[in-house]
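Notebook, one sitting. I went through the model element by element and wrote down what I looked up.

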Amino acid sequence: MNQQQMIKLRKMQKQMMEAQQKLEETVFTGTAGGNAVVVEVKGNHDVLSVKIDKEAIEDDLEMVEDMIVSAFNDAFKKIDAESQKLLGGFGGGMGLF
């Protein structure tokens, strides 16, 4: 590996680390049931909050449980999409190997 390639690699590593840190610090909101359930999850998958509309609880507990799962899945899909957007471009184009 020549010096120019090493410089490119170091720059790419720094950019990747910055993108990863940004992703981990970003808060993603997942919703279900028309906002009857709202969850907030950081990009590193730390759960920050779960909010449930009182009226949703009165309707059907099993449905609320399903909405909680759906809201978390919604947040995790958003994390995956942002991760792909931020980090997906680092996979190629360097011509290192």
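**Helix against helix**

I began with the handedness: helix 1 passes helix 3 in a right-handed crossing. The convention I used calls a crossing left-handed if the near helix is turned anticlockwise from the far one by less than a right angle, and right-handed if clockwise. Helices (H or I, at least four residues) and strands (E, at least two) are DSSP runs, numbered from the N terminus.

Before going on I noted the ground rules. Residues are numbered from 1 along each chain as its sequence is written, and side-chain values use heavy atoms, with hydrogens and water left out. This is a predicted model, where local features need pLDDT of at least 70, side-chain atom pairs count only at pLDDT 80 or more, and totals for chains, interfaces and linings use all residues.

Next I took the geometry of the pair. The axes of helix 1 (residues 3-25) and helix 3 (residues 61-87) come within 10 Å and cross at roughly 160 degrees. Helix 1 is therefore roughly antiparallel to helix 3. Axes here are lines fitted to C-alpha atoms, for helices over the stretch in contact, with angles from 0 to 180 degrees between N-to-C directions. Angles under 35 degrees count as roughly parallel, over 145 as roughly antiparallel, 65 to 115 as roughly perpendicular and the rest as oblique.

Which residues meet between helix 1 and helix 3? From helix 1 I listed Met-16, Ala-19, Gln-20, Lys-22 and Leu-23; from helix 3, Ile-79, Glu-82, Ser-83, Leu-86 and Leu-87. Contact means heavy atoms within 4.5 Å. The residues of this contact divide into 6 nonpolar, 2 polar and 2 charged. The classes: Ala, Val, Leu, Ile, Met, Phe, Trp, Tyr, Cys and Pro are nonpolar, Asp, Glu, Lys and Arg charged, and the others, Gly among them, polar.

I then followed the chain past helix 3. Gly-88 lies in the segment after that helix. Its C-alpha is 9.7 Å from that of Met-16, across 72 residues of sequence. Gly-88 counts as partly exposed because its relative accessibility is 35%. The cut-offs: buried is under 20% relative accessible area, exposed over 50%, partly exposed in between (1.4 Å probe, protein chains only).

Two strands pair if DSSP finds at least two bridges between them.

Strand 1 and strand 2 (residues 37-42) pair over 6 bridges. Phe-28 stands opposite Val-41, Thr-29 opposite Glu-40, and Thr-31 opposite Val-38. Strand 2 and strand 3 pair over 5 bridges. There Val-37 faces Ile-52, and Val-39 has Val-50 as its bridge partner.

Which residues of strand 1 are on the covered face, and which on the uncovered one? Phe-28, Gly-30 and Ala-32 are covered; Val-27, Thr-29 and Thr-31 are uncovered. In strand 2 the covered face holds Val-37, Val-39 and Val-41, while Val-38, Glu-40 and Lys-42 make up the uncovered one.

**The two hairpins**

Last, I looked for positive phi. The hairpin of strand 1 and strand 2 has 4 residues between the strands, and Gly-33 there takes a positive phi near 60 degrees. Asn-35 sits in the loop between strand 1 and strand 2. Asn-35 is not a glycine, yet its phi is positive, about 75 degrees. With a relative accessible area of 52%, Asn-35 is exposed.

The hairpin of strand 2 and strand 3 also has 4 residues between the strands. His-45 lies in that loop and, though not a glycine, has a positive phi near 75 degrees. Is His-45 exposed or partly exposed? I logged His-45 as partly exposed because its relative accessibility is 42%.
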